[in-house]
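These are my notebook entries on a structure that I went through element by element. The sequence and coordinates come next, and the entries follow in the order in which I made them.

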Amino acid sequence: MTDATAKADEPLLDLSDVSIVFDTADGPLVAVDQLRLRLARGQVLGLVGESGSGKSLTGFAIMGALDPPGRVGGGRILFDGEDLTTLDPAALRRLRGNRMAMILQDPMLTLNPTLTIGTQIIEAIRAHRPVGRAEARRLAVAAMRRVGIGDAEKRLDSYPHEYSGGMRQRVSIAIALLHAPDLIIADEPTTALDVTVQAQILLEVRRLVEEMGSAWIWISHDLSVVAGLADRIAVMYAGRIVEEGPARTVLTRPRHPYTQGLLRSAPDNPPLADGRLWQIAGSAPAIAHRVSGCRFRPRCPRADAACAEPPPDSGTTHRFACWHPHDGEAVR
Amino acid sequence: MSAPVLTARGVTKRYAKRPDLIDRGLVATGLKPPGDIVRAVNGVDLDILPAEIVGIVGESGCGKSTLGRLLVGLEAPDEGRITFDGAPVRAGGGPAHLAVQMVFQDAAATLNPRRRVGSQLVEAPVAHGLVDRSDAPAFVADLLRRVGLEAEAAARYPHQFSGGQRQRLNIARALAVAPRLIVCDEAVASLDLSVQAQILNLLLDLRDREGLAIAFISHDLAVVHRIADRVAVLYLGQVVETGRADAVFDASRHPYTQALVVNRLSLDGRLDRLSVLPGEPPSPVSIPPGCLFHPRCPKAVPACAAAAPERHPPAADHWATCNRQDA
């Protein structure tokens with residue numbers, strides 16, 4: 001086997017036993033733990049969960065962009081064979097924006113309101129590539145065309161406030177894609193957009209996924225957004241991945257009771273006989289109130305005494321951490 | 001059919017930037033055109049019956065939140081009238097001011113973080129003479145029970161509740177003055193899926209148990225489809241389609257509603273089903289002539305730019321303002 005094929009077989013991203021902790025006056029608070037995740041080149045992973053489940057923290061941890069007092073508390077994050085947790089800041093900076101990039105929910109937090117869009121794109125190009133201003137401008141126009149912005153030449157000289165919300169998000173996607181990164185982490189990029197604009201952008205993203213061959217981690221609380229893009233889906237609950245597998249299987253034949261409850265409580269399901277929606281009892285616990293063993297057990301209809309012990313991680317290509325998993329019956 | 005609790009007829013609300021001295025000088029000397037006028041709500045008719053949930057849907061800038069503020073009397077319409085039980089709803093008072101209450105998206109922002117929940121909930125009803133202060137504990141316990149919380153919650157502070165529980169408190173705050181209609185403005189938009197289902201079920205219970213009428217403002221079609229009895233679809237401040245929820249969503253008449261329905265994502269993950277509309281909703285400053293939707297409409301013909309469309313079919317429960325019904 002040659003080096004090249006060995007490299008193609010090895011995952012682009014490999015997280016093993018990663019934890020994320022916050023240092024507080026009362027000692028470290030573990031927000032995410034036992035995180036195990038692999039992502040192949042060109043693959044799209046949907047990372048879903050409710051607020052506080054740790055999905056965004058996971059994205060920031062991979063980018064090496066956790067804000068103190070948050071930090072990676074343990075484990076390895078291998079990116080193309082290199083452990084990101086041990087890289088020095090300069091090496092990490094060379095990777096970020098170049099071989100890995102991030103798209104955030106609110107493009108106004110990414111874009112500088114006092115600089116034109118063109119200035120910002122050109123700056124991002126020249127940060128990683130030694131090209132002249134004219135060449136950078138040509139690349140910037142191409143980058144904007146790629147994400148479906150018409151009239152790109154003229155719009156380069158506009159400021160962010162002159163763009164609509166959907167157009168601004170296209171610009172931040174264009175910036176993320178500039179250097180054809182191996183990995184793009186997108187954190188709820190379409191959540192704040194209107195239905196018709198979200199549809200436009202998801203179709204653009206789907207085309208870009210096929211064209212560019214980058215791997216994506218698409219973070220969302222909305223399973224229906226992820227359903228259209230992801231090859232695989234990982235479901236997080238209270239700081240842990242409770243289920244991970246092929247997208248279609250997770251969405252139609254979930255094994256973990258939390259995934260099943262989430263799918264059944266979606267409003268696009270038909271109503272129950274009494275006209276009501278399916279609901280999961282209770283709410284997700286704050287970090288300090290997480291229980292031992294299975295963290296979902298206070299809300300789980302299947303929970304019993306066994307669930308006080310940490311659940312086993314079962315399955316191979318479709319993994320789930322549960323003592324009493326569903327047997328894979330179809331939910332919809 | 002019982003009489004509507006709330007009726008809106010021809011309601012219009014405009015906003016204009018108040019010109020400063022320099023602007024006025026420039027306009028007076030002809031150096032600058034007069035200021036832009038935002039037509040946020042533009043001739044809306046709406047009826048809400050007792051024990052009915054009316055969904056008001058549309059994208060950002062369509063005027064749905066402004067309409068909500070007009071319905072509760074937080075603002076006065078520039079044209080048209082809103083009546084509650086036949087009496088006019090007036091900004092800042094009038095007989096309807098307790099009977100119509102509002103529930104906002106951000107529950108944390110409507111609760112005082114420094115006061116115990118019980119004392120906040122009882123403040124308005126005591127001030128309005130609806131409850132005697134000596135009856136406060138029993139009143140609060142009953143109110144909390146109605147929204148699915150324990151009586152002990154009264155002694156706690158808002159930060160000691162989860163997001164879903166805070167939205168229950170927010171609903172309890174609205175219910176405290178015994179309204180007959182509540183206006184919910186994106187009341188479940190920031191909640192997680194599992195909690196969102198709980199709050200929607202609570203609203204359905206309040207409708208069925210207590211006969212509460214609800215105006216449910218949301219951008220989320222799936223949520224509105226599940227909870228609303230009737231729906232009004234807003235585009236650039238106008239109702240473009242209204243009818244029973246099932247009829248509007250399953251047999252949409254207006255091309256805009258059809259676009260919203262077809263572009264709504266579902267768990268089947270089929271993006272190939274999506275049919276992208278060109279452009280984005282125009283700003284309510286520059287409203288197109290004729291049919292408001294014609295610049296983006298896949299069915300538009302030149303006549304659509306010329307004249308405002310009529311309601312089709314006229315005098316039906318389910319109508320759309322579109323002249324291309326046979327297309």
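**Entry 1. A sheet in chain B.** I looked up the strand order and found an open sheet of four strands in chain B, E2-E1-E4-E5, with antiparallel pairing. Helices (H or I, at least four residues) and strands (E, at least two) are DSSP runs, numbered from the N terminus. Two strands pair if DSSP finds at least two bridges between them. The edges are formed by strand E2 (37-48) and strand E5 (87-88) of chain B, each of which pairs on one side only. I then followed strand E1 (residues 6-16) of chain B to strand E4 (residues 79-84) of chain B: the two run antiparallel and are joined by five bridges. Within this pair I noted Ala8(B), whose bridge partner in E4(B) is Ile82(B).

**Entry 2. Conventions and confidence.** I record that this is a predicted model, in which local features need pLDDT of at least 70 and side-chain atom pairs count only at pLDDT 80 or more, while totals for chains, interfaces and linings use all residues. Residues are numbered from 1 along each chain as its sequence is written, and chains are lettered from A and ligands numbered from 1 in the order in which they are written. The model scores ipTM 0.84 and pTM 0.89. Among the elements of chain B, the lowest mean pLDDT, 79, belongs to helix H1 (residues 21-28) of chain B, and the highest, 97, to strand E3 (residues 53-57) of chain B.

**Entry 3. Domains of chain B.** I took the domain bounds from an automatic or database domain assignment. Chain B is divided into domain 1 (6-27 + 36-99 + 179-193 + 200-273) and domain 2 (113-178). Over C-alpha atoms, the centres of domain 1 and domain 2 of chain B are separated by 27 Å. Six residues of domain 1 of chain B are in contact (C-beta atoms, placed from the backbone, within 7 Å) with twelve residues of domain 2 of chain B. On the domain 1 side I counted six nonpolar residues, no polar and no charged. Here Ala, Val, Leu, Ile, Met, Phe, Trp, Tyr, Cys and Pro count as nonpolar, Asp, Glu, Lys and Arg as charged, and the others, Gly among them, as polar.

**Entry 4. The nonpolar core.** Which residues have the most contacts inside the largest nonpolar core? They are Ala215(B) and Phe216(B), in a core of 191 residues. Such a core is a set of buried Ala, Val, Leu, Ile, Met, Phe, Trp, Tyr and Cys residues joined through C-beta atoms within 7 Å. Helix H9 (residues 195-212) of chain A gives the most to this core, with eight residues. Domain 1 and domain 2 of chain B both give residues to this core, so it lies between them. Leaving aside neighbours within four places in sequence, the contacts of Ala215(B) include Ile48(B), Val54(B), Ile56(B) and Leu181(B).

**Entry 5. The interface.** I found 33 residues of chain B in contact with 38 residues of chain A. Helix H7 (193-210), helix H8 (221-227) and helix H10 (255-262) of chain B are the elements that give two or more residues to the chain B side. H7(B) supplies the largest share of that side, eight residues. The side divides into 16 nonpolar, ten polar and seven charged residues.

**Entry 6. Helix H12 of chain A.** Why is helix H12 (residues 257-264) of chain A largely enclosed by the rest of the structure? Seven of its eight residues are buried. A residue is buried if 20 or more other C-beta atoms lie within 10 Å of its own, exposed if 12 or fewer, and partly exposed in between, with C-beta atoms placed from the backbone. What covers the buried residues of H12(A) includes helix H10 (223-227), strand E9 (232-237), strand E10 (240-246) and helix H11 (247-252) of chain A together with H7 of chain B. Pro257(A) lies in this helix and counts as buried, with 24 C-beta neighbours inside 10 Å. Pro257(A) is in contact with residues beyond four places in sequence, including Phe296(A), Cys300(A) and His326(A).

**Entry 7. Strand E10 of chain A.** Six of the seven residues of E10(A) are buried, so this strand is largely enclosed by the rest of the structure. E9(A) and E10(A) pair in the antiparallel sense over six bridges, and Ala234(A) stands opposite Glu244(A) in E10(A). Their hairpin has two residues between the strands, and Ala238(A) takes a positive phi near 50° there. E10(A) also runs antiparallel to strand E12 (residues 319-321) of chain A, joined by two bridges. In E12(A), Phe320(A) is the bridge partner of Glu243(A).

Note on methods. Contact = placed C-beta atoms within 7 Å. pLDDT = per-residue confidence, 0-100.
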